[in-house]
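User: Please take me through this chain by question and answer. I would like the rules behind each term as well.

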Amino acid sequence: MTPPRAVSAAFLAFLIVILFSDTAAEIAGEDFPTTLRLERAIPRRGVEIEHLKARDLARDLSRRKNGRRLSVAGVVDFPVDGSANPFTVGLYFTRVKLGNPAKEFYVQIDTGSDILWVACSPCAGCPTSSGLNIRMEFFDPEKSSTASKITCGDDRCTSALQTGESICTTSESSSSLCDYTFQYGDGSGTSGYYVSDMLYFDTITGDEQAVNSSATIVFGCSNTQSGDLTKADRAVDGIFGFGQHDLSVVSQLSSLGVSPKVFSHCLKGSDNGGGILVLGEIAEPGIVYTPLVPSQPHYNLNLESIAVNGQTLAIDSSVFATSTTQGTIIDSGTTLAYLADQAYDPFVNAIVSSVPKSASPFVSKGNQCFVTSDSADSVFPSVTLTFMGGAVMLLKPEGYLLQQGNVDNAIIWCIGWQKNQGQGISILGDLVLKDKIFVYDLANQRIGWSDYDCSSSVNVTMSSGKNEYLNAGQLDVSGSSHTASRFIFVLVHIVYILTFLLHR
């Protein structure tokens, strides 16, 4: 007979093999999870935003380690608020935390410019209140322990000088501040100087962890604003440029190894708005890609044709060719859409010709409008934009129409695309971009898109071309973390059994 302790030891060895084999198989098997969920919570205004700010601060404090924040390469996740509806908000914005101690700023998401800038103290013409019910802030480099002003002798200023993003005259000394002046298409403008300071952000890593990270970046300190930027009705603290310039946050974080050189957004089209914005590549089925036009200051695409109700418009292809005065630009900082002068009338005429008699046409303030009691999808035609490489963007009526009121039981719809009078530039703004995934793959110089419900979660890759998926949604630890929990469970029980046997 085998001694009792020997029998128990043999049984223990058998148990260890079984438990560890099962756990190891689960870890190495095909079911090993590669996704996490990060449920998109649309920031609300008022008390809810204050609640979110308090939660962010609590997370920030809980994740400090030895007085330093961790900097981890991965997907950088930003909140999104605002909407495309020009009668309510008319812009999308996010939040950034800058300086030490950190202050939070609301900034417009703008793929049509390069630089992140915020209002600084003091500032001439900067609004002190906002109709968006957000608290306005001013950045003060003198009150941040980690801030430093960029001078004309700094290499980063020299880089900006080469592309016209900074101003330093030959008469100025190398110790003079590196200034900038930006003018936007709506006539508004801002000027100021560059500073270097800490940017704080959420990073989602490949091991399903959300980490408060930070990096030192260069951004603009605005001390003068003009035009629409001075108006309080839709005021924000600044503009977050997502262009390709070396001083864009996308380029800076990519060069630091913090995030991949690709970013994506999915902007909700409902009045409540919101959406998804990540430094990473959204990877969902159905995304089609077209190459970026090289060596352009904006995100220019090669638009080849426009079709209404399946019929290609008789527009000479040269109208869409890219040059210094022509081309098609993707711009999230533009609310509506603007069509090149020579393409506009054929587009509007095709819409009018396709609409049935149940929708009465009329012109209001130069815009083509219609009155109908039927649904927009049943009355108005689809529009198809075809880009280089055969990439097609299919637009439903809501992609080119605006609802402008009601008459009895009928709805007034007006074409929201505007004529870019005397210009050959077409701009696809939020009216077109909403309710779609857009991927700006800068590493491979291409842009992709797909129709999508932007209130849903999305899969995001760590970098273009890799199959490591993250899911922008609620953190779901049902994957590898559950496997790890089981592993710990097994170890605890083995120790318990071993202790019991050795003390029998």
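Analyst: Buried means under 20% relative accessible area, exposed means over 50%, and partly exposed is in between, with a 1.4 Å probe and protein chains only. This is a predicted model, in which local features need pLDDT of at least 70 and side-chain atom pairs count only at pLDDT 80 or more, while totals for chains, interfaces and linings use all residues. Residues are numbered from 1 along each chain as its sequence is written, and side-chain values use heavy atoms, with hydrogens and water left out.

User: Arg446 forms a salt bridge with Asp441; is Asp441 buried or exposed?

Analyst: A salt bridge is a side-chain nitrogen of Lys or Arg within 4 Å of a carboxyl oxygen of Asp or Glu. The closest N and O atoms of Arg446 and Asp441 are 2.9 Å apart. Arg446 has a relative accessible area of 26%, so it counts as partly exposed. Asp441 has a relative accessible area of 0%, so it is buried.

User: How many salt bridges does the count come to?

Analyst: One of them joins the side chains of Asp228 and Lys231 at 2.9 Å, N to O. Both ends are partly exposed, Asp228 at 39% and Lys231 at 45%. Salt bridges that share partners also join Lys103, Arg135 and Glu137 into one network. By the rule above, the count is 10.

User: Which strands stand at the edges of the open sheet of 4 strands, and why is one side of each left without a neighbour?

Analyst: Two strands pair if DSSP finds at least two bridges between them. The order in this sheet is β17-β16-β22-β23, with antiparallel pairing. Each edge strand has a single partner strand, so one side is left without a neighbour in the sheet; the edge strands are β17 (311–312) and β23 (391–395).

User: How many bridges join β16 to β22?

Analyst: β16 covers residues 303–308 and β22 covers residues 383–387, and the two run antiparallel. Val308 stands opposite Val383 in β22. The number of bridges joining β16 to β22 is 5.

User: Which helix lies across β16 and β22, and at about what angle does it run to β16?

Analyst: Axes are lines fitted to C-alpha atoms, for helices over the stretch in contact (heavy atoms within 4.5 Å). Angles run from 0 to 180 degrees between N-to-C directions. The helix is α5 (residues 341–354), and its angle to β16 is about 25°.

User: Which residues touch the most other members of the largest nonpolar core?

Analyst: A nonpolar core is a set of buried Ala, Val, Leu, Ile, Met, Phe, Trp, Tyr and Cys residues joined through side-chain atoms within 4.5 Å. The largest one has 80 residues, and α5 gives the most to this core, with 6 residues. Apart from it lies another core of 16 residues, including Cys152 and Phe182. In the largest core, the residues that touch the most other members are Leu98, Phe347, Leu385 and Trp417.

User: How far apart are the C-alpha atoms of Leu301 and Thr322?

Analyst: Leu301 lies in strand β15 (residues 300–301) and is buried, with a relative accessible area of 0%. Not counting residues up to four places away in sequence, Leu301 touches Thr322, Phe387 and Trp449, among others. Leu301 and Thr322 are 21 residues apart along the chain, and their C-alpha atoms are separated by 8.2 Å.

User: Which residue is joined to Asn100 by a cis peptide bond?

Analyst: The omega of this bond is about 5°.

User: Lys365 is not a glycine; what is its phi?

Analyst: Lys365 sits in the loop between β20 (360–364) and β21 (367–372). At 84% relative accessibility, Lys365 counts as exposed. Its phi is positive, about 55°.
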